[in-house]
Amino acid sequence: MSNRRGFLRNVLAGAGIFASAKVLSAQEMQMHGDMPGMKMKAKRETVHDRDASVLPETPDIPNLPFRLDGNVKEFHLIAEPVKQEIVPGKVVDLWGYNGSAPGPTIQVNQGDRVRLIVDNHLPEATSMHWHGFEVPVEMDGAPGASQDPIAPGGRFVYEFTLQQEGTYFYHSHMAMQEMMGMIGAFVMHPKNAYKPRVDKDFVIILQEYAILPNITVPNSMNMEFNWLTFNGKAGPATTPLLVRHGERVRIRLINLGMDHHPIPLHGHQFVVTGTEGGRQPESTWGPGNTVLVGVAQSRDVEFVANNPGDWMLHCHLPHHMMNQMSSMVGPMSRRKGMPAGLDMERGMGMLRQGNATSEENGPSLGRGLGVGSTAEQTMSNSPLKAGNPVQHQGMQMGKPEVSKDANSVPGFPQDAFMEGPMMAMDQMVDKPENFGLRPGWSGFMAGMMTFVRVLPQDKYNQILELRKKQEGNKSMKMDMPGMEHQHE
Ligand SMILES: [Cu+2]
């Protein structure tokens, strides 16, 4: 929060460009966005259009406010280091935009003229690419090809008119920076609202990081990943998508990483209505329940939430449904003692200083990648001695349910120490959107996992009330996303 506050102060004081401008909230954005078109269109049609479209929300990520300079929508993005709490207590050093990784979501209307001021507050050069945008080549943000990289402390101003519609994104076009979090969603709303209309519209950005225990900096050189996130949060810290029973829902999935993610939704069939190229013709909408979101792609899925319940939405790659997976930590934590002369951390092969790409560690941080991965010890998946589990503050550490002869079964243990009652932390991730989930639910949510909660009207309203109350409390104490200016 202090980052965002700082961001705004810098903008107000330093650049001067916002000095007399009003920063718009999401609702105002939508209203202003419709205004230029209003004069051109028949009034009736405009009203209808506005009724028919609903603003997408990006759970856990703010929208980027803009100011109007004549007919130009002006956005200000700051590339900068970010501290991001991906699950409670796990704060990592990422690179993102305006205090967030992924960066804030940009929303514009088809036909808009936009100006995007990009300031580089990173210690190295960067460049901003507008993925899939049909813009003049000088505005493409390809370093070395269409422009010089933006030097540290430097600025580049992009400006273009957008005639496209759909789910797009912006990202650093420096490959290693992409693996530090540097992406954000860019939604272009169509001139004529999509049909059929949806009642709920969500954006989810899929990312992955390699971060060993005790390290806060992702190893962007690694090719295996142990932290998998939706909108910068890993389960159970992701915020569920709330919908009313019977509503039509759109979910926009965007992937930028090293893996393709097959994303199933439980309990429903959906159709893919959009890709990174915009709306797809209805003739292509075959039913499915798992959508493969490839690297650098976006997929819009739509469905009618006709099946009440708390339904999982997740990546189906097994290792993408886990947190902090690291081969030796489990066995080390349950064997009888540390090797002679070693403390816990060294016994587990954990690094105690430096960052992932620092001189002293460098690429040796690979997790079992062979050459150069000597910082880790070779460990078998040793027998499970289920004593009283180590208690971690705030977690509901229960004993796993295992049979008496479990250790005689080849392959055991698998999930016994990976999830379930051992790892539940319902209280630590308590928020209105989680209200009423089954006790212990959080022990089974990790990595790229969240819920689509298809709720009856009364429960939906109850949660909204809780959310309102919490937001009321919050605005007394701290900044709200997109509304920072009120507290300056
Ligand atoms: Cu995945």
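The model is predicted: local features need pLDDT of at least 70, side-chain atom pairs count only at pLDDT 80 or more, and totals for chains, interfaces and linings use all residues. Residues are numbered from 1 along each chain as its sequence is written, and side-chain values use heavy atoms, leaving out hydrogens and water.

**Copper site**
- His261 (ND1), Cys315 (SG) and His320 (ND1) coordinate the copper ion at 2.0 Å.
- Donors are N, O and S atoms within 2.8 Å of the metal (3.2 Å for Na, K and Ca); water is not among the atoms, so sites may look incomplete.
- The donor residues follow the spacing H-x53-C-x4-H in sequence.
- Cysteine 315 has a relative accessible area of 0%, so it is buried.
- Buried means under 20% relative accessible area, exposed over 50%, partly exposed in between (1.4 Å probe, protein chains only).
- Histidine 320 also counts as buried, at 6%.

**Nonpolar cores**
- A nonpolar core is a set of buried Ala, Val, Leu, Ile, Met, Phe, Trp, Tyr and Cys residues joined through side-chain atoms within 4.5 Å.
- The largest such core has 29 residues; Trp130, Phe160 and Phe186 touch the most other members.
- A second, separate core has 23 residues, including Phe230, Leu241, Phe270 and Met448.
- Among the residues that phenylalanine 160 touches are Arg113, Leu116, Trp130 and Met139, not counting residues up to four places away in sequence.
- Contact here means heavy atoms within 4.5 Å.
- In soluble globular proteins, nonpolar side chains tend to be buried together.
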